Amino acid sequence: MAKTTLTFALMDPPYEDARSTTALRLVDIAARRGYNVNVFAYEGAVFLPFALQKPHANAVHGLDVEAEDHPQTREWVAALIKECERNGGRLDWLNCGLCVDERGAGDSIPGVRRGTPADLWKMAEESDNTLVIAAK
């Protein structure tokens with residue numbers, strides 16, 4: 001029996017909208033089930049695995065960097081890659097190269113590669129199902 005493969009196309013940047021968090025939760029469910037998962041990040045979503053993200057303090061609440069413990073989406077993506085592997089699947093995360101270039105988001109975490117819209121087409125064709133989570 002062939003392993004289930006799901007493809008997600010993500011558009012929203014980190015921290016701007018609940019759609020990004022929801023998408024990562026859906027990827028997590030697929031990872032825990034051992035599915036093969038493809039993610040095609042375009043537009044602002046190319047910043048989800050951006051390696052140069054930095055945690056910050058929260059002066060309004062009087063918290064230093066450690067106490068604020070601000071989540072970094074790059075860490076979430078790295079954890080999802082490992083979760084897929086741990087459960088016998090794989091996560092193939094592609095950032096749209098055109099979107100990366102126009103945003104200066106070329107520094108991604110290990111395991112993320114550069115792709116094109118044609119890669120999204122190929123991923124969708126080879127998947128059992130594809131979910132596009134676009135911006136409003």
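Which residue in β3 is the bridge partner of V39? The bridge partner of V39 in β3 is W93. The legends below begin with the sheet that holds this pair.

The model is predicted, so local features need pLDDT of at least 70 and side-chain atom pairs count only at pLDDT 80 or more, while totals for chains, interfaces and linings use all residues. Residues are numbered from 1 along each chain as its sequence is written, and side-chain values use heavy atoms, with hydrogens and water left out.

**View 1**
An open sheet is formed by 5 strands in the order β4-β3-β2-β1-β5, with parallel pairing. Strands (E, at least two residues) and helices (H or I, at least four residues) are DSSP runs, numbered from the N terminus. Two strands pair if DSSP finds at least two bridges between them. The edge strands, each of which pairs on one side only, are β4 (112–115) and β5 (129–133). On average, neighbouring strands of this sheet are turned by 20° against each other, direction ignored. Strands of a sheet pair through backbone hydrogen bonds, either parallel or antiparallel.

**View 2**
Strand β1 (residues 5–10) pairs with β5 in the parallel sense, over 5 bridges. L6 stands opposite N129 in β5.

**View 3. Strand β3 and its two neighbours.**
Strands β2 and β3 run parallel and are joined by 5 bridges. Strands β3 and β4 also run parallel, with 4 bridges joining them. W93 is the partner of V39 in β3, and W93 stands opposite V112 in β4.

**View 4. The two faces of β3.**
In β3, 6 of the 6 residues are buried, so the strand is largely enclosed by the rest of the structure. Buried means under 20% relative accessible area, exposed means over 50%, and partly exposed lies in between (1.4 Å probe, protein chains only). Both faces of β3 are covered. On one side L91, W93 and N95 are buried, and on the other D92, L94 and C96 are buried. In a regular strand the side chains alternate between the two faces of the sheet.

**View 5. Helix α3 across the sheet.**
Helix α3 lies across β2 (36–41), β3 (91–96) and β4. The helix runs at about 145° to β3. Axes are lines fitted to C-alpha atoms, for helices over the stretch in contact, and angles run from 0 to 180 degrees between N-to-C directions.

**View 6. Helices α1 and α3 side by side.**
Two packed helices are described by the angle between their axes and the distance between the axes. The axes of helix α1 (residues 18–32) and helix α3 (residues 73–86) come within 8 Å and cross at roughly 20°. The two helices are therefore roughly parallel to each other; angles under 35 degrees count as roughly parallel, over 145 as roughly antiparallel, 65 to 115 as roughly perpendicular and the rest as oblique. The crossing of α1 past α3 is left-handed, a term for a near helix turned anticlockwise from the far one by less than a right angle, with clockwise being right-handed.

**View 7. Residues between α1 and α3.**
From α1, the residues L24, V27, D28, A31 and R32 meet W76, V77, L80, E83 and C84 of α3. By class, this contact of α1 with α3 has 7 nonpolar, no polar and 3 charged residues. Contact means heavy atoms within 4.5 Å. Ala, Val, Leu, Ile, Met, Phe, Trp, Tyr, Cys and Pro count as nonpolar, Asp, Glu, Lys and Arg as charged, and the others, Gly among them, as polar.

**View 8. E83 in helix α3.**
E83 is found in helix α3 and is buried, with a relative accessible area of 11%. Leaving aside its neighbours within four places in sequence, E83 is in contact with D28, A31 and R32.

**View 9. Two residues with positive phi.**
Most residues other than glycine have a negative phi, and most peptide bonds are trans. Y15, which is not a glycine, has a positive phi near 70°. Y15 is placed in the loop between β1 and α1 and is partly exposed, at 44% relative accessibility. E43 has a positive phi of about 50° and is not a glycine either. E43 lies in the loop between β2 and α2 (65–68) and is partly exposed, with a relative accessible area of 29%.
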